[in-house]
Amino acid sequence: MKAGISVEQRLEERVKELTCLYNVSSAIRKHSGSVTSTLTEICQITKQAWLYSEDAVVELQLKDYNISTGDIPVRTVTQQNNIIIFGEESGVLIVHYNAEKYTKAHFLDEEQKLLHKLAIEISEFFERQETQKKEEHLKRIAERNDRLSILGEITAGIAHELNTPLGNILGFAELIASNSQNPQIEKDATKIIKSAIFSREVVKKLMFFACEMPQDKKAIQIRPVILQALALLGPNFEKANVNHRFHIDNPELEAQLDSIQFTQVLFNLLINAIYISPPKSTISITITSSEKLFILEITDEGPGISPDLKAKIFEPFFTTKPIGEGAGLGLSVVHGIIKGHKGEIAVYDNDEAGAIFQVQLPLKY
């Protein structure tokens with residue numbers, strides 16, 4: 001049996017409910033700070049709408065948020081309503097009374113209906129926040145793609161302009177080195193040759209980044225390409241005192257790839273992993289596949305990547321290496337190659353330590 005209240009009290013409760021809905025809507029409309037502060041304000045407003053508000057404790061459990069208006073008694077009687085976010089049950093809004101003093105009969109049917117309306121208000125508020133985050137993320141991606149497109153055009157022009165003089169420098173330096181009998185001249189010419197070769201490699205990366213390198217996609221087996229890359233990088237692993245472990249769920253797996261560009265992806269990701277890996281650690285290379293795509297994961301045990309850097313690591317010319325040790329193009333090249341293969345690349349935190357670079361590529365086009 002419900003707690004007996006007079007007609008006047010019911011009218012007062014109805015006014016409180018309407019006021020509650022209005023105040024919750026106002027709190028949501030004026031939201032400009034943190035989601036936590038707005039949800040906390042909603043819980044406080046909700047508390048005041050219940051018949052025994054001085055003893056009510058409102059609790060909100062929603063994804064990563066757990067908010068209450070006070071200490072929850074050990075034994076309680078409750079009214080609650082689930083919160084549905086984008087069609088999925090994502091949380092619950094609960095009103096508690098101390099079971100030592102109250103029973104279920106002290107809750108009103110109107111309060112349950114109000115709780116349902118409040119749950120809808122909260123779910124719509126949260127959905128708008130999630131949608132806004134996604135829209136902002138997509139906007140940043142679009143802006144980044146515009147910048148990369150412009151930069152790609154500029155970069156392609158620079159790369160073409162540099163190719164000819166670098167070829168001349170390299171050719172004449174080699175000619176001087178081969179014809180000179182002076183040891184000092186030979187030594188200086190060798191330095192020029194090494195610098196020209198390094199510069200030419202940078203130009204090649206610029207052309208990769210600018211999508212100027214033609215693709216030759218063929219059906220190839222994945223395992224041999226990775227084994228070859230690991231073999232070629234054997235001295236790098238040995239010098240850094242770093243181990244590697246390779247696993248593929250289907251040794252016969254084939255995909256339609258440009259083998260040279262896929263090797264470039266492997267080299268860049270593995271060299272970066274070796275660079276930041278501590279001695280005696282292990283880099284894991286894992287290949288899993290489904291009907292339509294395969295996933296390459298390269299996991300290291302290094303220091304990991306801070307959240308503020310994750311959004312920048314694929315940008316051209318961004319590097320954390322000392323000057324002279326990297327041009328900041330490696331991961332940009334990787335990103336461009338993966339996109340050229342209609343794939344995706346992302347970086348995640350390793351559970352224990354380090355980072356995981358995950359590449360998803362289609363098996364066929």
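**Sheet and salt bridges: a quick chat**

Author: Let's start with the sheet: in this predicted model, strands 3 and 4 pair in the antiparallel sense, over 10 bridges.

Reader: Okay, and which residue does Val 77 stand opposite in strand 4?

Author: Val 77 has Tyr 97 across from it in strand 4.

Reader: What's the strand order in the sheet overall?

Author: The order is 2-1-4-3, in an open sheet of 4 strands with antiparallel pairing. Strand 2 and strand 3 are the edge strands, and each of them pairs on one side only.

Reader: How much are neighbouring strands turned against each other?

Author: On average 15°, with direction ignored.

Reader: Which strands does helix 2 touch?

Author: Helix 2 packs on the sheet and touches strand 1 and strand 2. Its direction makes about 35° with that of strand 2.

Reader: Switching topic. How many salt bridges turn up in the whole structure?

Author: A search of the whole structure gives 4. One of them joins Glu 41 and Lys 30, with the closest N and O atoms 3.2 Å apart.

Reader: Where do those two sit?

Author: Glu 41 is in helix 2 (residues 35-48), while Lys 30 is in the loop between helix 1 (7-29) and helix 2. They are 11 residues apart, and the pair links distant parts of the chain.

Reader: Is Lys 30 buried or exposed?

Author: Lys 30 counts as exposed, at 54% relative accessibility.

Reader: What about Lys 101, which side chain does it meet?

Author: Lys 101 meets Asp 55 in a salt bridge, 2.9 Å from N to O. Lys 101 comes from the loop between strand 4 (88-98) and helix 3 (109-179), and Asp 55 from the loop between helix 2 and strand 1 (57-62). That puts them 46 residues apart.

Reader: And how accessible is Asp 55?

Author: Asp 55 has a relative accessible area of 26%, so it falls in the partly exposed class. Lys 101 is exposed, at 54%.

Reader: Which residue does Arg 75 form a salt bridge with?

Author: With Glu 100, the closest N and O atoms being 2.8 Å apart. Arg 75 lies in the loop between strand 2 (65-68) and strand 3 (76-85), and Glu 100 in the loop between strand 4 and helix 3, so the pair ties together parts that are 25 residues apart in sequence.

Reader: Is Glu 100 buried or exposed?

Author: Glu 100 is exposed, with a relative accessible area of 63%. Arg 75, at 48%, counts as partly exposed.

Notes: Residues numbered from 1 in each chain as written. Predicted model: local features only at pLDDT ≥ 70, side-chain atom pairs only at ≥ 80, totals over all residues. Heavy atoms only, no water. Buried < 20%, exposed > 50% of the residue type's maximum accessible area, 1.4 Å probe, protein only. Pairing = 2+ DSSP bridges. Axes fitted to C-alpha atoms, helices over the stretch in contact; angles between N-to-C directions. Contact = heavy atoms within 4.5 Å.
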